[in-house]
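I opened my notebook to get to know this structure step by step. Come along and look things up with me.

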Number of protein chains: 2
Amino acid sequence: MRNFRFACPTEFLFGKDTEQNVGAEVKKYGKKVLVHYGGGHIRKNGLYDRVMESLKEAGLEITELGGVKANPDIGLVREGIELCKKEEVEVILAVGGGSVIDSAKAIGIGVYYEGDVWDFFLKKVPVEKMMPLGVVLTIPATGSEASNTTVVTNSENGCLKRALSHSCLRPDFAVMNPELTYSLPAYQTAAGGVDIMSHVLERYFTREPDCELTDRLCEAVLRTMIKQLPVVLEEPENYGARAEVMWAGTIAHNGILGTGRSEDWGSHMLGHELSAFYDMTHGATLAIMIPCWMEYVYQTDIARFVKYAVDVWGVENDVFRPEKTALEGIHKTREFFRALGMPVSFADAGIGADRIEEMAENCTRFGAVGGFVKLEKEDCVRIYQTAVS
Amino acid sequence: MRNFRFACPTEFLFGKDTEQNVGAEVKKYGKKVLVHYGGGHIRKNGLYDRVMESLKEAGLEITELGGVKANPDIGLVREGIELCKKEEVEVILAVGGGSVIDSAKAIGIGVYYEGDVWDFFLKKVPVEKMMPLGVVLTIPATGSEASNTTVVTNSENGCLKRALSHSCLRPDFAVMNPELTYSLPAYQTAAGGVDIMSHVLERYFTREPDCELTDRLCEAVLRTMIKQLPVVLEEPENYGARAEVMWAGTIAHNGILGTGRSEDWGSHMLGHELSAFYDMTHGATLAIMIPCWMEYVYQTDIARFVKYAVDVWGVENDVFRPEKTALEGIHKTREFFRALGMPVSFADAGIGADRIEEMAENCTRFGAVGGFVKLEKEDCVRIYQTAVS
């Protein structure tokens with residue numbers, strides 16, 4: 001086990017009706033709140049009204065900023081920063097999924113900086129602190145409700161999507177009511193589910209040999225997702241299954257599953273280019289790239305892929321043919337994603353092979369990617385090629 | 001899944017040599033530190049010197065209070081409170097195992113109260129805040145390095161052992177170097193291991209039907225312990241195994257395994273009386289009581305005990321004879337504890353059956369105990385009777 005430093009101070013208020021007390025939670029951090037959200041969905045389903053009512057009941061002064069889109073843009077972040085400064089906001093409440101939370105995180109650090117907030121993402125200046133941030137989570141996927149990361153896009157000069165990590169980026173609290181996810185479309189539910197599984201898989205494939213506990217914890221989350229994700233697609237209003245997926249999404253990415261081990265993140269890097277070039281949903285890019293990545297790298301550590309097949313997918317361990325066992329695990333991964341309605345190839349996603357070189361170039365523009373296997377540009381080209389059809 | 005509120009803000013600094021930077025961590029919370037510890041062990045193995053050196057390097061003003069014993073006494077806690085007030089201590093550093101940490105927690109709350117600190121344990125006054133507290137952990141067992149609980153004993157009027165729980169009782173940080181546990185005697189290692197497993201088992205046996213994720217997480221920790229505990233007894237200086245046990249001990253009791261579910265704690269209550277009446281090691285009392293408790297209650301939920309047997313102990317599931325499968329899991333539990341060198345009966349522990357009535361009376365003095373099955377006095381008598389030989 002490797003040395004590590006870990007803390008996840010976020011407080012979780014999980015369960016039915018929990019959003020109805022969000023005002024009291026926000027009030028612990030200040031009187032002037034910026035409510036940050038996306039589009040009309042939360043207005044249609046009544047969540048907006050319930051949150052506003054609770055905030056007003058708590059006597060809070062409310063400023064609003066809606067309009068966050070998928071792949072949250074630095075433009076709106078800048079607007080939020082100005083608003084916070086003008087209104088002397090003391091605490092931000094993000095109501096939505098990962099994009100809204102990430103946008104709120106960027107606002108929360110930008111408020112304390114005189115220069116342009118994009119400087120943080122360019123690593124020109126170090127992050128030091130974030131304004132108090134609460135979350136009402138509506139989509140289990142990115143894990144941003146407890147993670148130390150924010151991903152923001154700058155579309156001004158080409159499309160730059162940049163991630164930033166710092167311990168201060170963890171929200172102070174997250175209100176998580178699984179009922180709020182009942183109305184998520186099947187595609188978004190499935191894509192979110194793949195994203196959750198990917199956060200575990202990026203940690204599961206490690207070069208650290210001694211990590212039994214975190215291996216087992218990873219397997220616990222993956223097996224739960226494998227069981228519950230088809231249930232929520234079949235029965236969108238199954239509270240128990242929605243609750244399992246929602247809590248799994250937090251544990252998958254709050255960092256506990258990475259304690260003491262190296263991680264990979266190659267599939268994420270490969271997938272990010274698909275998002276950047278074709279505006280694909282993050283989870284869908286992962287459904288395509290993860291099995292292709294696995295097929296490309298499994299021979300470097302057959303034993304781990306055998307363990308994955310057996311302990312995650314319940315594949316019978318053919319001890320005389322480990323490669324067969326390993327491949328069966330990868331096969332099951334892809335078929336699972338396919339059965340969820342996710343694309344598992346470029347063809348499924350309706351995209352061609354013509355920009356593979358460009359994507360591979362971009363993917364490795366800062367050097368090789370991936371901690372399990374270092375992927376150079378040529379590796380990325382080959383992996384993308386296996387994803388074509 | 002039940003509604004829950006959960007946060008564990010403790011920061012973990014885990015790994016080799018981590019205690020050598022403890023001064024810099026303490027300094028974040030204040031300049032005047034009370035170093036609280038037990039007996040001579042940390043002086044003999046050099047830990048005391050390394051900690052003191054790091055604190056001095058950080059320029060801290062040090063006050064010391066040693067002498068914490070197993071089942072930490074309220075007397076020393078009061079002494080610590082006076083010392084903190086007199087020396088205007090700003091942060092406490094507990095160097096030791098659960099007793100030292102629990103004693104430090106009690107000091108940390110007592111400092112802010114004008115009356116007698118025992119009032120908190122009598123629930124006469126509510127806990128509100130605790131002085132900043134850091135830990136250098138030397139024994140993986142109680143989980144106190146991250147838990148919201150302290151257990152203190154008052155030996156003035158009979159022997160009263162009282163627990164207190166509050167979110168403010170979680171330490172701010174915990175330095176965890178598995179090497180510090182190399183020198184633990186086998187008996188203490190085993191008893192600590194049983195304690196760790198018990199913290200999971202008390203949560204595993206739940207009446208909440210929908211809790212797949214936490215079931216699996218519990219199983220992950222239990223199976224890790226089942227594999228690694230015999231390794232550390234066989235090879236006390238096996239870093240990897242010591243690290244697994246140490247980190248498992250924290251996850252077992254930081255509360256995450258109880259999220260969304262009811263818990264039991266009947267075995268703990270039964271065991272506490274053995275400690276009170278015979279001054280037995282906590283882990284040893286659990287090794288006796290847990291299998292006996294299981295045998296007494298398993299028929300109320302055969303399915304869960306079948307799951308326990310199969311998913312924790314790898315018992316083959318005899319689907320036509322679930323009771324046989326369930327009993328095999330309980331049998332394996334007891335044999336595992338026995339193989340660790342723990343007592344599994346009163347006879348093993350050298351105690352008789354003569355105080356069973358008294359213990360059962362005491363155990364239920366505030367009413368029935370246990371969340372999985374409510375145990376009245378007569379139930380406790382019967383369980384104790386099965387433990388005699």
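**Entry 1: a loop residue**

Is A:Val344 buried or exposed? I kept in mind that I was looking at a predicted model. I counted 23 other C-beta atoms within 10 Å of A:Val344, and because 20 or more count as buried, A:Val344 is buried. I then looked up where A:Val344 sits: it is in the loop between helix H13 (322-339) and helix H14 (346-349) of chain A. Leaving out residues up to four places away in sequence, I found that A:Val344 touches A:Ala287, A:Ile288, A:Pro291, A:Arg334, A:Phe337 and A:Arg338. I also checked A:Ile290, which is 54 residues from A:Val344 in sequence, while their C-alpha atoms are 9.1 Å apart in space.

**Entry 2: chain A as a whole**

Next I stepped back to the whole chain. I listed 16 helices and 8 strands in chain A. Along the principal axes, the C-alpha atoms of chain A fill a box of roughly 70 × 45 × 45 Å. I asked myself how the radius of gyration of chain A sits beside that of a compact globule. For 389 residues such a globule would have a value near 21 Å, and chain A, at 21 Å, agrees with this. I noted that 55% of the 389 residues of chain A count as buried. Among contacts in chain A with a separation of 6 or more, 77% come from residues 24 or more positions apart.

**Entry 3: strand S4 of chain A**

How many residues of S4(A) are buried? I found 6 of the 6, so S4(A) is largely enclosed by the rest of the structure. I sorted them by direction: A:Val91, A:Leu93 and A:Val95 point one way, and A:Ile92, A:Ala94 and A:Gly96 point the other way. I reminded myself that side chains in a regular strand alternate between the two faces of the sheet.

Then I looked for partners. S4(A) pairs with S2(A) in the parallel sense over 5 bridges, and A:Val33 has A:Val91 as its bridge partner in S4(A). S4(A) also pairs with S5(A) in the parallel sense, over 5 bridges. There, A:Leu93 has A:Gly134 of S5(A) as its bridge partner.

**Entry 4: helix H3 of chain A**

I moved on to helix H3 (residues 47-57) of chain A, where A:Leu47, A:Val51, A:Ser54 and A:Leu55 are buried. Why do I say they line one face of the helix? Seen down the axis of H3(A), the buried residues fall within an arc of 100°, so they line one face. On the other side of H3(A), I found A:Asp49 and A:Lys56 exposed. I looked up what covers the buried residues of H3(A), and the cover includes helix H1 (22-27), helix H2 (41-44), strand S2 (32-37), strand S3 (61-65), strand S4 (91-96) and strand S5 (133-137) of chain A. Just after H3(A), A:Gly59 takes a positive phi of about 75°.

**Entry 5: where the two chains meet**

I turned to chain B and found 35 of its residues in contact with 35 residues of chain A. Strand S1 (4-14), helix H8 (212-234) and helix H9 (239-253) of chain B each supply at least two residues of this side. H8(B) gives the largest share, 11 residues. By class, I noted 15 nonpolar, 9 polar and 11 charged residues on the side of chain B that touches chain A.

I followed the strands across: S1(A) and S1(B) run antiparallel and are joined by 7 bridges. In this pairing A:Phe14 stands opposite B:Phe4.

Which residues have the most contacts inside the largest nonpolar core? They are A:Val221 and B:Val221, in a core of 255 residues. Leaving out residues up to four places away in sequence, B:Val221 touches A:Leu213, B:Val200, B:Ala248, B:Ile251, B:Ala252 and B:Leu257.

**Entry 6: two positive phi values in chain B**

B:Asn71 is not a glycine, yet its phi is positive, about 55°. B:Asn71 lies in the loop between strand S3 (61-65) and helix H4 (74-87) of chain B, and with 18 other C-beta atoms within 10 Å it is partly exposed. B:Trp265, a residue other than glycine, has a positive phi near 75°. I placed B:Trp265 in the loop between H9 and helix H10 (266-278) of chain B, and with 19 C-beta neighbours inside 10 Å it counts as partly exposed.

Technical notes. Residues numbered from 1 in each chain as written. Chains lettered and ligands numbered in written order. Predicted model: local features only at pLDDT ≥ 70, side-chain atom pairs only at ≥ 80, totals over all residues. Buried ≥ 20, exposed ≤ 12 C-beta atoms within 10 Å, placed from the backbone. Helix = DSSP H or I, 4+ residues; strand = E, 2+ residues; numbered from the N terminus. Arc of directions from axis to C-beta. Contact = placed C-beta atoms within 7 Å. Nonpolar A, V, L, I, M, F, W, Y, C, P; charged D, E, K, R; others polar. Pairing = 2+ DSSP bridges. Rg over C-alpha atoms; globule rule 2.2 N^0.38 Å. Core = buried A, V, L, I, M, F, W, Y, C linked by C-beta atoms within 7 Å.
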